Amino acid sequence: MSVGTASNVDAYLAVDIGGTKISVGVVSTMRTVLYESRILTPPINVWGSLAEQVANALKWSARNGISLLSCGVGCGGPMRVEDGVVSPLHIPDWRNFSLVQAMQQLTALDVILENDAKALVLAEHWSREQNAAAVPAVMMSVLVSTGVGAGVMAGGKLMMGRTGNAGHIGHVIVQENGNMCACGARGCLEAHISGPAIERAIGAAASTANVHTRVVAGTLLGQAIASVAAMMDLTDVTVGGSVALGFGKEFLEAAQASARQHAGLSFLKDLTISAVADRSLAPLVGAAALAKYSVEHASRL
Ligand SMILES: [Zn+2]
């Protein structure tokens, strides 16, 4: 989309905060990423770095005639959405950090905070709607990155669960007496296929993992997805996040083969696992989708 000067362009301010990187973007109401900045998550003074990135995005928007409608923030958990407070497992600098209040003061916008995996499925849903693609009754997007989580949409609505924590596919058990997980259990999917878990297993950066490691990780993901698919009666699964996208074709093909192998019921025969439509931009589009979704569903997310 070209940025006109004659009339304003409506857009959302979008922020994606992960344990490895932080992205700030401006995403139009047509789902186009107009502006993006990305930094590595600093070990200290995370807010100072984020605030600088956000200030630059606000200046850029003002210069280019962009009207910012509201702000969506996707962040790693845990968090207390009701209070706007985050304590991301992979950002030790933030414990009970009042992120929503700080962002509201900085931007003077409404700020909508949610788990980054929920943002991912909203991005996928938005993409389907916009491309007039079939939107299934139930769909799931899985984020495989520093952590492993999922967002599920049913009937066009985000599944929240009793406390807002629905979607923790990272803690589906995939290995008996497997790796110790940060949650206290053993053999959780996250303890085997998250970026840090892969690093511990191979003693090097996850991005250097060989084909065997990628296939084993994909196979475990497919196993967990098959269980969830049977439980939820869903066949449409998309996968994003730095580990999933970085591991690429071998990972996705192994996940697909394993999911089909483990999902024997007739209603699961079309179970399909593919990469998220917006690839590495999906978390940012998802943050914008949070802002869009909260307006369309005025009740609490
Ligand atoms: Zn766990």
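Contact means that heavy atoms lie within 4.5 Å of each other. The structure is a predicted model, in which local features need pLDDT of at least 70 and side-chain atom pairs count only at pLDDT 80 or more, while totals for chains, interfaces and linings use all residues. Residues are numbered from 1 along each chain as its sequence is written, and side-chain values use heavy atoms, with hydrogens and water left out.

**Exercise 1. Describe the surroundings of T107.**

Step 1. Locate the residue. T107 is found in helix 2 (residues 99-107); helices (H or I, at least four residues) and strands (E, at least two) are DSSP runs, numbered from the N terminus.

Step 2. Classify its accessibility. Buried means under 20% relative accessible area, exposed over 50%, and partly exposed in between (1.4 Å probe, protein chains only). T107 has a relative accessible area of 10% and is therefore buried.

Step 3. List its contacts. Leaving aside neighbours within four places in sequence, T107 is in contact with L13, V54 and L58. The C-alpha atoms of T107 and L58 are 7.6 Å apart, although 49 residues separate the two in sequence.

Step 4. Find its polar contacts (pairs of N or O atoms within 3.5 Å; within protein, one must be able to donate a hydrogen and the other to accept it, and residues adjacent in sequence count only if both atoms are side-chain atoms). The side chain of T107 reaches the backbone oxygen of M103 at 2.8 Å. A polar atom of the T107 side chain also lies 3.1 Å from the backbone nitrogen of L109.

**Exercise 2. Determine the geometry of the zinc site.**

Step 1. Identify the donors (N, O and S atoms within 2.8 Å of the metal, or 3.2 Å for Na, K and Ca; water is not among the atoms, so sites may look incomplete). The protein donors are H171 (ND1), C181 (SG), C183 (SG) and C188 (SG), at 2.0 to 2.3 Å from the zinc ion.

Step 2. Examine their spacing. The donor residues follow the pattern H-x9-C-x1-C-x4-C in sequence.

Step 3. Apply the angle rule. Four donors count as tetrahedral if all angles lie between 85 and 135 degrees. Here the angles are 106 to 119°, so the arrangement is tetrahedral.

Step 4. H171 is partly exposed, because its relative accessible area is 27%. C181, at 7%, counts as buried.

**Exercise 3. Which residues touch the most other members of the largest nonpolar core?**

Step 1. Define the set. A nonpolar core consists of buried Ala, Val, Leu, Ile, Met, Phe, Trp, Tyr and Cys residues joined through side-chain atoms within 4.5 Å.

Step 2. Name the residues. In the largest core, of 37 residues, they are M140, V142, V144, I169, L189, L221 and I225.

Step 3. Find the main contributor. Helix 6 (211-232) is among the elements that each supply at least two residues of this core, and helix 6 gives the most, with eight residues.

Step 4. Note the other core. Apart from the largest one lies a core of 32 residues, among them V9, L34, Y35 and F97.

**Exercise 4. Classify the aromatic pair F247 and F251.**

Step 1. State the rule. Rings of Phe, Tyr and Trp (its six-membered ring) pair if their centres lie within 6.5 Å; planes under 30 degrees apart count as stacked, over 60 as edge-to-face and the rest as tilted.

Step 2. Apply the rule. The ring centres of F247 and F251 are 5.8 Å apart and the planes stand at 75°, so the pair is edge-to-face.

Step 3. Relate the pair to its helix. F247 and F251 are separated by about one helical turn, because they are four residues apart in helix 7. Both F247 and F251 are buried.

Note on methods
Tetrahedral: all angles 85-135°; square planar, octahedral: opposite > 155°, others 65-115°.
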